[in-house]
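Dear colleague,

Please find the sequence and the coordinates below. My notes on them follow.

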Amino acid sequence: MILDFNVNGRDYSIEADARARLIDVLREDLGLTGTKEGCGEGECGACTVIIDGLAVNSCLVMAHQTRGKRILTVESLKQDGELDSLQKSFINNGAVQCGYCTPGMLMSCKALLMRNPNPTEHEIREAIEGNLCRCTGYVKIINAVKEVVKESKAPSEEDHHE
Amino acid sequence: MSNMIMKTPASIDELVMCLKQSDDNTYLLSGGTDLIIKLRNSKIYEGTLIDLTGIDDLKQIKYNAEYIKIGAAATFNQITSNTMLIKHAKCLVQASSQIGSTQIRNAATLGGNIANAFAGADAIPALIALDAMVTILKSDKTTYTKPIDEIIKGSRKNTLYKDEAIIEISIPIANDNCISAFAKLGSRSRVTISKLNIAATAQVKDGTIEAVKIVLGALGTKAFRALSVEKAIENKDISEALYTAFENELVKQVDEAIPNRSSLGYKREAIRGLAEDVYFDLFGSMVRKVKCHD
């Protein structure tokens, strides 16, 4: 069965099993192994990707349900060899330790910032409530998102003062 | 490669064609957050999946003067952001906002939650309290509508035949005196499966509870109306004393519902917390008003 969809800005038309989940196709067929599988039942969020602007567990959606949709994985964040500001902030804030939750955590935060560039701490916490991290204790992750928000606001505030 | 086939209807007419060919190995796939786990855990490698999420009509939330009509494939995040539902079906919005995580709420659907008929489901008690009606499409293209309570048979059991699909959930728009609330208890505060939940709707006039529905979930195999609790507070004036009666009656209801379960000792205490949450969410402002008059 042919699946037509767009992943990270590129159109694909591939043969995919009806029983394959999105994460299976991303990792096995497209070689996009940045997306991780943890629990396989929607608890841990390591497999989070963005489908048409919304954060979704790629282990709980069938690949063929994404026909015609636009999917973003963690590989989409780096542009022209440069990390996304969110990735840089994760590094600067020590928000990555073992790293297994990081791709999912980044995509949940990215989905939030795409919809709401100025989230409150409560909104950040809610956005990552479906992402488990056993290393950092979340505080550094939340700080990383807050820093991105603060930096993205900074230039316009300067403009305003001028 | 598995021996699974996926059908992807784009309209109700195409769905009817798919339903005509349904057999015991046919599965209706909506948000997938329950079914995909079931297919994997049960090692199901053959059969037919019918994906409902490609039918735009099933993803809409519409309303007329009498009903809010929620398409079966509308997600919980669509429900939580719908202004009509926030106004007229607060308990459903509260329940929906506490289901799983952001990722789950972006995928999981109301129709799927009903069909899955899990005893600890959060939306079902809210829908019972709101007198929701469920419209079902048959493979001969006719439809029929039943109260939500009659669709749920027991834990993981619904009354649907293999060639039927839930297409719409209708919630009657009550008058402005109607209020509602939902509360749940799980092993943690968020992203948790209910160990106990409660939904309530009430009509209040001049400080008196004129009509009330109290529905308990995750207590036995299916959610049910706690009639003795309703009777204890119906046609009574809102007060803190009435709260005590409400709480005690709920404890009795738990004793009656699960007399031989090992969880009884925990749940008969836990219900007190939910009683407080839901009573003061419903009537809190009025309890204070009554006190001021004193």
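I begin with a glutamine of chain A. At 11% relative accessibility, Q87(A) counts as buried, because the limit for that class is under 20%. Q87(A) belongs to helix α2 of chain A, which covers residues 85-92. Beyond its neighbours within four places in sequence, Q87(A) is in contact with V74(A), L77(A), K78(A) and L106(A).

Please bear in mind that this is a predicted model. The predictor assigns the complex an ipTM of 0.94 and a pTM of 0.95. For chain B, the mean pLDDT is 95, and 98% of the residues reach 70 or more.

**The sheet of chain A**

I51(A) stands opposite I71(A) of β5(A).

M114(A) counts as partly exposed, with a relative accessibility of 43%. Residues up to four places away in sequence aside, M114(A) touches I50(A), G53(A) and L72(A). Between M114(A) and E126(A), which are 12 residues apart along the chain, the C-alpha atoms are separated by 15 Å.

**Cysteines**

How many disulfides does a search of the whole structure find? The search returns 0 disulfides over all chains. C47(A) is in none, and the nearest cysteine sulfur, that of C59(A), is 3.8 Å away, whereas a disulfide would need the sulfur atoms within 2.5 Å. C47(A) is buried, with a relative accessible area of 3%. C91(B) is likewise in no disulfide; its nearest cysteine sulfur belongs to C178(B) and is 8.6 Å away. C91(B) is also buried, at 0% relative accessibility.

C91(B) is one of the buried residues of α5(B), together with L92(B), V93(B), Q94(B), A95(B) and S96(B). Because 6 of the 8 residues of this helix (residues 90-97) are buried, α5 of chain B is largely enclosed by the rest of the structure.

An open sheet of 4 strands in chain B runs in the order β11-β12-β13-β14, with antiparallel pairing. Its edge strands are β11 (178-185) and β14 (224-225) of chain B, each of which pairs on one side only. β11(B) and strand β12 (residues 196-205) of chain B are joined in the antiparallel sense over 8 bridges. S180(B) has T201(B) in β12(B) as its bridge partner. Two helices pack on this sheet. α5(B) touches β11 and β12 of chain B, and its direction makes about 20° with that of β11(B). Helix α11 (residues 240-257) of chain B touches β12, β13 (208-217) and β14 of chain B, and its direction makes about 30° with that of β13(B).

**Nonpolar cores**

The largest nonpolar core has 47 residues; I70(B), L85(B), L92(B), L110(B) and I114(B) have the most contacts inside it. Helix α8 (residues 123-129) of chain B gives the most to this core, with 6 residues. With residues up to four places away in sequence left out, L110(B) touches several residues, including I70(B), F76(B), L92(B), L127(B) and I169(B). A second, separate core of 34 residues includes V204(B), L216(B), L242(B) and V251(B).

**Strand β6 of chain B**

Strand β6 (residues 133-138) of chain B pairs with strand β7 (residues 143-147) of chain B in the antiparallel sense over 5 bridges. In this pair, M133(B) stands opposite P147(B) of β7(B). β6(B) and β7(B) form a hairpin with 4 residues between them, and K141(B) in the turn has a positive phi of about 75°. β6(B) also pairs with strand β10 (residues 164-172) of chain B, in the antiparallel sense and over 6 bridges. There, the bridge partner of L137(B) is A165(B) in β10(B).

With kind regards

Methods: Residues are numbered from 1 along each chain as its sequence is written. Chains are lettered from A and ligands numbered from 1 in the order in which they are written. This is a predicted model: local features need pLDDT of at least 70, side-chain atom pairs count only at pLDDT 80 or more; totals for chains, interfaces and linings use all residues. Side-chain values use heavy atoms; hydrogens and water are left out. Buried means under 20% relative accessible area, exposed over 50%, partly exposed in between (1.4 Å probe, protein chains only). Contact means heavy atoms within 4.5 Å. pLDDT is the predictor's confidence in each residue, from 0 to 100. Two strands pair if DSSP finds at least two bridges between them. Axes are lines fitted to C-alpha atoms, for helices over the stretch in contact, and angles run from 0 to 180 degrees between N-to-C directions. A nonpolar core is a set of buried Ala, Val, Leu, Ile, Met, Phe, Trp, Tyr and Cys residues joined through side-chain atoms within 4.5 Å.
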